[in-house]
Amino acid sequence: MRRLCLRMSSSLLQEKGIIPDVVDAFEASSSLSVEYPVGGVRDGNELTPDNTKEAPKVVLPDKDSLYTLAFVDPDAPSNADPKFRSWRHWLVCNIKDGDIATGDVSTPYIGPGPPAGSGFHRYCFVLYKQKAPIRPEPFNNEREGRRSFSIKSFAAQHDLGHPLVLHFFLAKNAEQ
């Protein structure tokens, strides 16, 4: 498995509408590696729901900080009608020692599941560096409780500031 540590450019994020759909304008200031068995998440590459069913291997920038990692789909239920923006697929807070397994899982990982006929969805990994430990309110992690999550609001509520880095990939239902 190759390790990719890339910085996503703001211009690509703006071109793909991730700025402002997921986060406000920012400049990536760190690196992040997100790897599925079939390859890394980079520059809006295409992956399949089958290949992303299980949580990826994530390598954080350093071992001396606390982090929050969110994985969201701003195109729920479709890019044309994102009335449930954003679907919360994974949220881990208070990650320490560069090891995601040390974090507090606020939302367990669930892989992409774009509905048939909904086109490509943008699946975004957003990493924040925390100033101190955070204790988010418990989430309803059932299906309907995961929709309409705003990572921007969550970041503001917990004083996370701007993201350090954001990576995304595209996926669609195989029955398109």
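The following questions and answers concern a predicted model.

User: How are the rings of F71 and Y109 arranged, stacked or edge-to-face?
Analyst: The structure holds 11 aromatic pairs. In the pair of F71 and Y109, the ring centres are 5.7 Å apart and the planes meet at 5 degrees. Planes under 30 degrees apart count as stacked, so the arrangement of F71 and Y109 is stacked.

User: How many residues apart in sequence are the parts that F71 and Y109 tie together?
Analyst: F71 belongs to strand β5 (residues 66-73), while Y109 lies in the loop between β7 and β8. F71 is buried at 0% relative accessibility, and Y109 is buried at 17%. The parts tied together by this pair are separated in sequence by 38 residues.

User: Is the pair of F139 and F154 stacked or tilted?
Analyst: The ring centres of F139 and F154 lie 6.2 Å apart, with the planes at 40 degrees. Stacked pairs have planes under 30 degrees apart and edge-to-face pairs over 60. An angle of 40 degrees therefore makes the pair of F139 and F154 tilted.

User: Which residue has its charged end over the ring of F139?
Analyst: F139 is found in the loop between β8 and α3 (151-157), and its relative accessible area of 25% makes F139 partly exposed. The charged group over this ring is 4.1 Å from the ring centre, and it belongs to R88.

User: Which residues do ring pairs link into a cluster?
Analyst: The pair of F71 and Y109 has ring centres 5.7 Å apart. Both residues belong to a cluster linked by ring pairs. The members of the cluster are Y36, F71, W90, Y109, Y123, F125 and F169.

User: Which elements give two or more residues to the lining of the largest pocket?
Analyst: The largest pocket holds about 310 Å³ of space. Its lining consists of 17 residues, and A76, W87, G113, P115 and R143 lie nearest the centre. The elements that give two or more residues to this lining are β6 (87-95) and β8.

User: How many charged residues does the lining of the largest pocket have?
Analyst: The lining includes R143, one of the residues nearest the pocket centre. By class, the lining has eight nonpolar and four polar residues, and the number of charged residues is five.

User: How far is the backbone oxygen of P115 from a polar atom of the side chain of S118?
Analyst: S118 lies in the loop between β7 (104-107) and β8 (121-130). With 10% relative accessibility, under the 20% limit, S118 is buried. The distance from the backbone oxygen of P115 to a polar atom of the S118 side chain is 2.6 Å.

User: Which peptide bond is cis with omega near -15 degrees?
Analyst: Most peptide bonds are trans. The bond from I19 to P20 is cis, with omega near 20 degrees, and P20 lies in helix α2 (residues 18-21). S86, in the loop between β5 and β6, takes part in another cis bond, where omega is near -15 degrees: the bond from R85 to S86.

User: Is D97, a residue with positive phi, buried or partly exposed?
Analyst: Most residues other than glycine have a negative phi. N94 in strand β6 has a positive phi near 60 degrees, and N94 is buried at 7% relative accessible area. D97, in the loop between β6 and β7, has a positive phi of about 55 degrees. At 46% relative accessibility, D97 is partly exposed.

Conventions
Residues numbered from 1 in each chain as written. Predicted model: local features only at pLDDT ≥ 70, side-chain atom pairs only at ≥ 80, totals over all residues. Heavy atoms only, no water. Helix = DSSP H or I, 4+ residues; strand = E, 2+ residues; numbered from the N terminus. Buried < 20%, exposed > 50% of the residue type's maximum accessible area, 1.4 Å probe, protein only. Polar contact = N/O pair within 3.5 Å; in protein donor to acceptor, adjacent residues only side chain to side chain. Phe/Tyr/Trp six-rings, centres within 6.5 Å; stacked < 30°, edge-to-face > 60°. Lys NZ or Arg CZ within 6 Å of the ring centre and 35° of its normal. 1 Å grid on protein atoms, 1.4 Å probe; cavity = no way out; pocket = protein on both sides within 12 Å on 5 of 7 lines; lining within 4 Å. Points joined across faces, edges and corners; volume = space filled by probe spheres on them. Nonpolar A, V, L, I, M, F, W, Y, C, P; charged D, E, K, R; others polar.
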